[in-house]
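Subject: Structure handover

Hello,

Here is the structure for you to look over. My notes come after it.

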Amino acid sequence: MATSVLVVEDDVAIRDMLTFTLKQAGLTCESVGDAESGLDLLKNNQPDMILLDWMLPGIDGIEFIRRLRANEFLANIPVIMLTAKGESEDMVKGLAVGADDYVNKPFSPPELIARIKAVLRRCQPPENEDAQKLQFGNLVLDTKSHRVTVDDVRVELGPTEFRLLHFFMKNPERAYGRSQLLDYVWGDTVYIEERTVDVHIRRLRKALEPTGHDQFIQTVRGVGYRFSVD
């Protein structure tokens, strides 16, 4: 089955270009011009990927992602933000609310397709795992259901935070630098900046904070991060 993509973009010319580009690449595509329409469509149809414009009429892209990540049934859909904003602070803001990647306009169609494929690869559930569940105390990560729970209560994580926690739980008590985490968790791609790691670490800690498990994600000064229960 072809990969399905939802495009949320208010500029008709850009929306038509995106639709054409995606279909030429063998992807299926639905497109809407505002966030409200996108959220309505998601009630009955869950795509494999969302391409989301930042500056939308009414609900903007940032609020769209917040609502997406707060919904148990939609939280795992990867999102690439499309925007004319080029400042690093804007990139961090988009990633901080749950975007999985960030593409500046104007962009080339081949670059966009490459970014889509890269995000989809790293957001896929791990295959051929020896253990479907990883557990430290009452913190459980299930690779088959793609869920994280504490005392059987679900912890809401975006797809990138899930992969990051999965990597840490498979490799506890070892410190990893940002560049190493990019290679292991994000894959071999030139598109991701090291600062992105810090943003997703903050999101992971925030998700784990209510149960006290944020303390498992430790900063190692001069090195990077490690997962430790001590």
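First, the ground rules. This is a predicted model, with local features needing pLDDT of at least 70 and side-chain atom pairs counting only at pLDDT 80 or more, while totals for chains, interfaces and linings use all residues. Residues are numbered from 1 along each chain as its sequence is written, and side-chain values use heavy atoms, without hydrogens or water.

**Cavity**

The structure holds 1 cavity of 30 Å³ or more. A cavity here is a set of points on a 1 Å grid over the protein atoms alone, where a 1.4 Å probe fits but cannot get out; lining residues have an atom within 4 Å of a point.

His146, Arg147, Val148, Arg154, Val155, Glu156, Leu157 and Phe162 form the lining. By class it has 4 nonpolar, 1 polar and 3 charged residues (nonpolar: Ala, Val, Leu, Ile, Met, Phe, Trp, Tyr, Cys and Pro; charged: Asp, Glu, Lys and Arg; polar: the others, Gly among them). Strands S8 (147-150) and S9 (153-155) each supply at least two lining residues. Strands (E, at least two residues) and helices (H or I, at least four) are DSSP runs, numbered from the N terminus.

**Valine 140**

Valine 140 lies in strand S7 (residues 139-142). Valine 140 is buried, at 15% relative accessible area (buried: under 20%; exposed: over 50%; partly exposed in between; 1.4 Å probe, protein chains only). Beyond its neighbours within four places in sequence, valine 140 contacts Lys133, Leu134, Gln135, Arg147, Val148 and Thr149 (contact: heavy atoms within 4.5 Å).

**Sheet**

An open sheet of 3 strands runs in the order S10-S12-S11, with antiparallel pairing (pairing: at least two DSSP bridges between two strands). S10 (176-177) and S11 (217-220) are the edge strands. Helix H6 (residues 159-170) packs on the sheet and touches S10, S11 and S12; its direction makes about 65° with that of S12 (axes: lines fitted to C-alpha atoms, for helices over the stretch in contact; angles: 0 to 180 degrees between N-to-C directions).

S11 and S12 (residues 224-227) are joined by 4 bridges. S10 and S12 pair over 2 bridges. Tyrosine 225 in S12 stands opposite threonine 219 and also opposite tyrosine 176. Valine 220 has glycine 224 as its bridge partner. S11 and S12 form a hairpin with 3 residues between them, and glycine 222 in the turn has a positive phi of about 80°.

Best wishes

Note on methods:
1 Å grid on protein atoms, 1.4 Å probe; cavity = no way out; pocket = protein on both sides within 12 Å on 5 of 7 lines; lining within 4 Å. Points joined across faces, edges and corners; volume = space filled by probe spheres on them.
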